[in-house]
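This report describes how the parts of one chain are arranged. Look at the sequence and the structure first, then read on.

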Amino acid sequence: MSPKPSAFLRDSHETESFARALGLLCKGGERIALTGDLGAGKTTFVRGMSSGLGVPEEEISSPTFTVMHVHEPSDQKSGRCLVHVDAYRLEDPAELMELGWDEIVRDRRNVIVVEWPDRLGGALGENVLELELFHSSSSGGEVPGREIVFGSSLSSDLMNKLFTKCRGCGKQIHAGVGSFPFCGNKCRMADLGNWFDGSYSVSREIEEDDLFDPDLA
Ligand SMILES: [Zn+2]
């Protein structure tokens, strides 16, 4: 069996960016079971997904007092809604039915993200994308952060868009890295250098931000 896809997320910014990329890739109808340590970034993750789905981010909080929130996109063209479920306070999966669960699951516009998914019994059905966030540190141990692990293999489309090799040096990177699809500014700038002689791999013109990156000063 191949190892489960995973990514090391250095901070909440990378967590949010990674989740945003996932949100952008959701077509509607996805069911995501999100588990994780307290404070490992579940709310940040849902906020990132909302951004990718075009849902106003300020609406997203830890839904402590409400089991379920349906968030409509601010731009109807997005065509996808975020359904955020915090099943922690659910006494009985039958309560979901009273909230119109059957209809929510049937509506293909809905991307359903469930925290504490075990409390739902089998209500999420089949083809659930399982995600787990936990506190972790980088492989060398010197950078504290969190790790996200997928519970099963991903479609090749998701796999190729969330994980790639740095276009410069070939190092494995993920979509939460700010310099994606490069491992860092060094590789990105090297590639921009190639842009001048035509051997670049990112076919866009240089933007001002590229040239005035504080990390390179
Ligand atoms: Zn690189």
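The model is predicted. Seven strands make up an open sheet with mixed pairing, and their order is E1-E7-E6-E2-E5-E4-E3. Strand E1 (6–9) and strand E3 (68–71) are at the edges. Each of these two has a single partner strand, so one side of each lacks a neighbour in the sheet. From one strand to the next, the twist averages 20 degrees.

## Pairing between strands

Strands of a sheet pair through backbone hydrogen bonds, and the pairing is either parallel or antiparallel.

The hairpin of E6 and E7 has six residues between the strands. In this hairpin, Gly 141 takes a positive phi near 90 degrees. E3 pairs with strand E4 (residues 81–86) in the antiparallel sense over four bridges. His 69 has His 84 in E4 as its bridge partner.

## Two helices in contact

Two packed helices are described by the angle between their axes and the distance between the axes. For helix H1 (residues 12–25) and helix H2 (residues 42–53), the axes come within 6 Å and cross at roughly 40 degrees. That angle makes H1 oblique to H2. The crossing is right-handed.

Residues of H1 that meet H2 include Phe 18, Ala 19 and Leu 22. On the H2 side, Phe 45, Met 49 and Leu 53 are among them. By class, the contact of H1 with H2 has eight nonpolar, nine polar and three charged residues. H1 also lies across E1 and strand E7 (144–150), and runs at about 145 degrees to E1.

## A loop residue

Where is Asp 107 placed? Asp 107 is in the loop between helix H4 (101–106) and strand E5 (110–115). Asp 107 counts as partly exposed because 15 C-beta neighbours lie inside 10 Å; a buried residue would need 20 or more, and an exposed one 12 or fewer. Asp 107 and Arg 80 are 27 residues apart along the chain, and their C-alpha atoms are separated by 9.8 Å.

Definitions and conventions
Residues numbered from 1 in each chain as written. Predicted model: local features only at pLDDT ≥ 70, side-chain atom pairs only at ≥ 80, totals over all residues. Axes fitted to C-alpha atoms, helices over the stretch in contact; angles between N-to-C directions. Parallel < 35°, antiparallel > 145°, perpendicular 65-115°, else oblique. Left-handed = near helix turned anticlockwise from the far one by under 90°. Contact = placed C-beta atoms within 7 Å. Nonpolar A, V, L, I, M, F, W, Y, C, P; charged D, E, K, R; others polar. Pairing = 2+ DSSP bridges.
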